[in-house]
Amino acid sequence: MTQPLPAGTLTGRTALVTGSSRGIGADTARYFAQAGANVVINFRNKAPRAEKLAAELRELGVEVLVVGADLTDRASVDEMFAAVRETFGHLDLLVLNASGGMEGGMAEDYALTLNRDAQVGTLESALPLLEDGSRVVFVTSHQAHFIRTTPTMPEYEAVALSKRAGEDALRERIEELSERGIGFVVVSGDMIEGTITATLLERANPGAIATRRESAGKLYNVSEFAAEIALAAVEPIPADHTRLVGDISSFGGE
């Protein structure tokens, strides 16, 4: 992993990444810890994996809190932030990375519940801990960000629509966040090689990843995309609050 943030950049700051026991979330947490941040690792049901990551990050000399929470359960989320308050007192960076909707056996409205309602609920629970100068990062995909103008694969459409709904709901809070001195940025990426979503899409639509890779010229892998998220947490926020990662030539405007 190439470190996108110089050592010491985030010393003394505390970052929480939702869905950070594996994949993009885990690598984002690694980058924050390597830059000196104390880290809160959130997981839903992968406790051993989360604890293993925590042990790795503590070797960097930072404090790490591991908290299991189901983001669709507001009481669970409130308990998570109560633990953050008790351990660190406040929060500087909140990365809304956890998402889903392609899992089997879930309720029909699960994608919307997780990708919109839970994102807003998590932000609301975090607000008392976010101080002037803090930042919120929402992670999404081009397929969701541009869903209004560019159709996506049928297998992903419900997820894309729900993630766009979540993005819109969070954007409605930008003025309120700005008044509190809290920055907000959306990080949108193309299909990411090696993610659970990419695996599920490939299973449902064989050849989908190769087709998109050929069209885009390059697809980011997990660590490369996580690096962009880490940078979004510290670099100046674009005027439109959007950081687009990877090729967008085949997507229409929003």
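Which residues in α4 meet which residues in α6? I started my notes there.

I am working on a predicted model, where local features need pLDDT of at least 70, side-chain atom pairs count only at pLDDT 80 or more, and totals for chains, interfaces and linings use all residues. Numbering runs from 1 along each chain as its sequence is written, and side-chain values use heavy atoms, with hydrogens and water left out.

**Entry 1: α4 and α6.** I looked up the contact list. On the α4 side I found A111, L112, N115, R116, Q119, V120 and L123; they meet A158, V159, S162, K163, A165, G166, A169 and L170 in α6. Contact here means heavy atoms within 4.5 Å. I sorted the residues by class: nine are nonpolar, four polar and two charged. For the classes, Ala, Val, Leu, Ile, Met, Phe, Trp, Tyr, Cys and Pro count as nonpolar, Asp, Glu, Lys and Arg as charged, and the others, Gly among them, as polar.

Next I took the geometry. Helix α4 spans residues 110–126 and helix α6 residues 154–171; their axes come within 7 Å and cross at roughly 20°. Axes are lines fitted to C-alpha atoms, for helices over the stretch in contact, and angles run from 0 to 180 degrees between N-to-C directions. Helices are DSSP runs (H or I, at least four residues), as are strands (E, at least two), numbered from the N terminus. α4 and α6 are therefore roughly parallel. The cut-offs are under 35 degrees for roughly parallel, over 145 for roughly antiparallel, 65 to 115 for roughly perpendicular, and oblique for the rest. The crossing of α4 past α6 is right-handed, meaning the near helix is turned clockwise from the far one by less than a right angle.

**Entry 2: A160.** I stayed in α6, where A160 lies. A160 is buried, at a relative accessible area of 0%. Buried means under 20%, exposed over 50%, and partly exposed in between (1.4 Å probe, protein chains only). Leaving aside neighbours within four places in sequence, I found A160 in contact with Q143, A144, I147 and T152. From A160 to A111 I read 9.1 Å, C-alpha to C-alpha, across 49 residues of sequence.

**Entry 3: α3 and α4.** I then checked helix α3 (residues 74–88). Its axis and that of α4 come within 9 Å and cross at roughly 35°. This crossing is right-handed. R74, V77, D78 and F81 of α3 make the contact with G121, T122, E124, S125 and A126 of α4. The class count is three nonpolar, three polar and three charged.

**Entry 4: α1 and α10.** Helix α1 covers residues 23–34; its axis comes within 8 Å of that of α10, and the two cross at roughly 55°. α1 and α10 are therefore oblique to each other. α1 passes α10 in a right-handed crossing.

**Entry 5: cores.** Which residues touch the most other members of the largest nonpolar core? I found F32, I41, L57, F225 and I229, out of 39 residues. Such a core is a set of buried Ala, Val, Leu, Ile, Met, Phe, Trp, Tyr and Cys residues joined through side-chain atoms within 4.5 Å.

**Entry 6: H241.** I ended in the loop between α10 and β7 (242–245), the place of H241. Phi of H241 is near 60°, a positive value in a residue other than glycine. Most residues other than glycine have a negative phi.
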